[in-house]
Every structure is written in structure tokens, then in C-alpha cells.
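Here is a quick tour for anyone meeting this structure for the first time. Keep the 3D view open and follow along.

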Amino acid sequence: MLEAKLSDAVILKRLLDSIKELVTDANFDCNEEGLKLQAMDNSHVALVSVKMDADGFVKYRCDRPMPLGVNLGALTKVLKCAKDDDVCTLKAADDADVLNLTYEAKNSDRIAEYDMKLMDIDADQLGIPDTEYDARVTMPAAEFTRICRDLSQLGESVRIEVSKEGVRFASDGEAANGSVLLKQTEAARRKYADYGKDDVEAEGEQEGEAEGSKTKKVKKEKVKKEPGDEDTEMNGAEEDAEEDDGGEFKAKSDDEGDGEEEKSDADEDSSNKKKRKKAPASANGKAAKKSKKKSGDDDDDGSVGGVSIEMNQHVTLTFSLKYLVNFAKSQSLSDTVQLMMSNDVPLLVSYKFGQGHIHYYLAPKIGDE
């Protein structure tokens, strides 16, 4: 049987809100390592891959691998019945046709139970090859959301260009054109220096071991070029070899900054001039930090909107803004987003959160200059 307990129902709520408009029905594949979901949208242009690690749950038990076929719209409605801070438990017996969801208040004075019918969904697992990307851009998720939202007002497509100058997002519409250039800052480079690297290496080792013990083949994604402005179709094959970017970025705590402020206030022998300089920081420090955290652009070094770029060669690709706007909804799960690109290869948009990660793959458009 399956029993998975989350400390806060809001995590599952935000996850479903991020993907429900891309995918209607999908299997949650459960095993001893955790929960996985992988599905393509109806047009076969975008693929979403979700992983929730077993150690991210308060309690996790899965006796044997089992698929949970769910309608994401229906599951979203059931999750709306839970308060954000409720302890959420998912239960399903072996070969069960019902998923049980229990919401328990933190003070245990309220327990709600819901049963949702499961579906038989015949979906093949797509092989996601281990790709060496030519460019990797790490940036605040709020900045990515803002750019996608603003450019979607101008046109249907966005051209993403990664060069030594920085990363440029450009959209050409019938009435107006627009572009946004984000330059790499030293503060952002330090902040994101090790973001996701260790996890990619660990995952590569795991895949190597798996390939040594099994003779199953993984077909690479194919990017099929079509005339005009049509999206290219992204096809996969049988085995799941998705990339695991676990881990979190830890922001500086408020207490560290407050300690410095208290120290300066306690120094009664300092000059009046020095005190006048410290007073505004003491009065407004907490408010400023809270404001930054709300916007999702907080940075230890005080820079806002800076990006970190790792590039082997110049990359320019064009994508549908409709899909990127949908991907950007995962900002509610993570403050940081990572874009990985290579010419003629689907874009990987990666968000990491406490329980695991969510990856989006989007095939580029061909013919847009």
C-alpha cells in the first residue's frame, strides 16, 4: 500500500496549480524512492516531469511500485478543501481504485477525509536523455515570470539568446517589439555558483549504474523540423531517465542582519554621525528584507534581477510564450529558476523545491527569425 504524509497541504496545491493547465490526466508513479509524474501536453510540444523524494515527506511508505491515475482537475478541487497548513496524507491500497486524502489541522482538532476515484491511464514513460547543454542560465523566478508576462502582451513567441553580453528575451509583435537584456552580475554568479551541480553529477552516476545493470535502451528526444512557425514535435521513448535536481538555495536569515544592527545600537560611545547612519537601517532593515522575500528577488549581496550564466557557445532559440507563461506559475514553489539550452534541443526549465523538483521541456519553434 501507499501512505505519504506531507507537513503542509499547500505544497501539493501549488504543484497541481502549476501543471493542471498543461496536463489533464496523468499517472503518479509511486515507488520506494518517492512519487513521480511525467506527461506531455495534448499537442506534444511540452513535457512536464515532477519528482517528490521520499525523504521530503514526514512519513512515506510504498510497499511496491504502483501507478495512481488521476484527473488533475478533480484532484485540484479536492485539495482546495484543505487549509494551506493542514497535514495532508495520501493513502491507497494495492490495486485500489480510490485515493484517500486526509487533512489534519496542526492542533488536531479537525480531521477531514476525502476519497477520489482513480483512473486507468495507459501512458508510456518517455526517455529523457542525459543532455550536455551549451548554456545554463540561473535567475530569480519572479524576474522570469515578469519577462514572460510582459512580452506575451506583444507577441506569441519569444527569442531567447544567450551570449557573452548576457541573456536577451525578445518578442516581435504586429504593433510593437520589445526585448529585455539581463547581464550577469558578480553577486548572482556567487549566489548561484553551485546551484544544482552536485545533483546533476549524482544523477549521472545513478544513471550509469542503472545502464550497467539493465540492457534497456533509451531513445533520445527528436526535434522534428516543420515548415513555417509550427512548434517542433518532441518525441520520447520507453524508459524514464529524468534529471534530478534536488536541493535548495538557502537565503540569509533575518537574525543575522538584526544582530549587526543591535550591536551598532549598543555602541553608546560611537559618534553621533555614526549613529545617524545606523538608525535608518535599524528602523527599516526588517521591512526591507521582508519586502525582498515577498517579491522573490532576495539576494544576499543586495543585487536584484541579476543572472548567472554558464555558456559553452552562443545559443539562440525561439519558443511559444503561451507555454513559458504556464511554466512560470511554478514561481510559487521556488524563488529560483534555471533555463538550460542547446541549439535544436528542447529547452529545460527547472524549479527545485523542498520535496523535489519540477522540470518542463519545450520544443523550439523553427522558422522564426
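## Ring pairs

Two rings of Phe, Tyr or Trp make an aromatic pair if their centres lie within 6.5 Å, with Trp counted by its six-membered ring; planes under 30 degrees apart are called stacked, those over 60 edge-to-face, and the rest tilted. What you're looking at is a predicted model, and it holds four aromatic pairs. Take Phe 57 and Tyr 60: the ring centres sit 5.3 Å apart and the planes meet at 35 degrees, so this pair is tilted. Phe 57 counts as buried, at 8% relative accessibility, and Tyr 60 counts as buried too, at 17%.

Tyr 103 and Tyr 114 also form a tilted pair, with 5.5 Å from centre to centre and 40 degrees between the planes. Tyr 103 belongs to strand β8 (residues 98-104) and Tyr 114 to strand β9 (residues 111-117), so the pair links parts of the chain eleven residues apart. Elsewhere, Phe 327, Tyr 351 and Tyr 360 come together in one aromatic cluster.

## The nonpolar cores

Now for the inside. The largest nonpolar core has 80 residues, and the ones touching the most other members are Met 52, Met 139, Phe 144, Phe 169, Leu 324 and Ile 358. Helix α1 (residues 9-19) supplies the largest share, seven residues. Where does this core lie relative to domain 1 and domain 2? Domain 1 (2-117) and domain 2 (135-194 + 306-362) both contribute residues, so the core lies between them.

Among the buried ones are Ala 141, Ala 142, Phe 144, Ile 147, Cys 148 and Leu 151. Glu 143 and Thr 145 are on the buried list as well.

## Strand β7 and its partners

Strand β7 (residues 87-92) is mostly covered, with five of its six residues buried. Strand β1 (residues 2-6) pairs with β7 in the antiparallel sense over five bridges, and Leu 2 has Ala 92 in β7 as its bridge partner.

β7 also runs antiparallel to β8, joined by five bridges.

## A buried serine

Ser 171 sits in strand β12 (residues 166-172). With a relative accessible area of 0%, Ser 171 is buried. A polar atom of the Ser 171 side chain lies 2.9 Å from the backbone oxygen of Ser 157. Setting aside neighbours within four places in sequence, the contacts of Ser 171 include Leu 151, Leu 154, Gly 155, Asn 177 and Leu 321.

## Out in the loops

Which residues does Gln 313 contact, beyond its neighbours within four places in sequence? They're Asp 134 and Asn 343. Gln 313 lies in the loop between β16 (308-311) and β17 (315-320) and is partly exposed, with a relative accessible area of 38%. The side chains of Gln 313 and Asp 134 make a polar contact at 3.3 Å. The C-alpha atoms of Gln 313 and Ala 135 are 7.0 Å apart, although 178 residues separate the two along the chain.

Two other loop residues have a positive phi without being glycine. His 44, in the loop between β3 (34-40) and β4 (46-53), has a phi near 60 degrees and is partly exposed at 35% relative accessible area. Asp 344, in the loop between β18 (336-341) and β19 (347-353), has a phi of about 65 degrees and is partly exposed at 39%.

Note on methods. Residues are numbered from 1 along each chain as its sequence is written. This is a predicted model: local features need pLDDT of at least 70, side-chain atom pairs count only at pLDDT 80 or more; totals for chains, interfaces and linings use all residues. Side-chain values use heavy atoms; hydrogens and water are left out. Helices (H or I, at least four residues) and strands (E, at least two) are DSSP runs, numbered from the N terminus. Buried means under 20% relative accessible area, exposed over 50%, partly exposed in between (1.4 Å probe, protein chains only). Contact means heavy atoms within 4.5 Å. A polar contact is a pair of N or O atoms within 3.5 Å; within protein, one must be able to donate a hydrogen and the other to accept it, and residues adjacent in sequence count only if both atoms are side-chain atoms. A nonpolar core is a set of buried Ala, Val, Leu, Ile, Met, Phe, Trp, Tyr and Cys residues joined through side-chain atoms within 4.5 Å. Domain bounds come from an automatic or database domain assignment. Two strands pair if DSSP finds at least two bridges between them.
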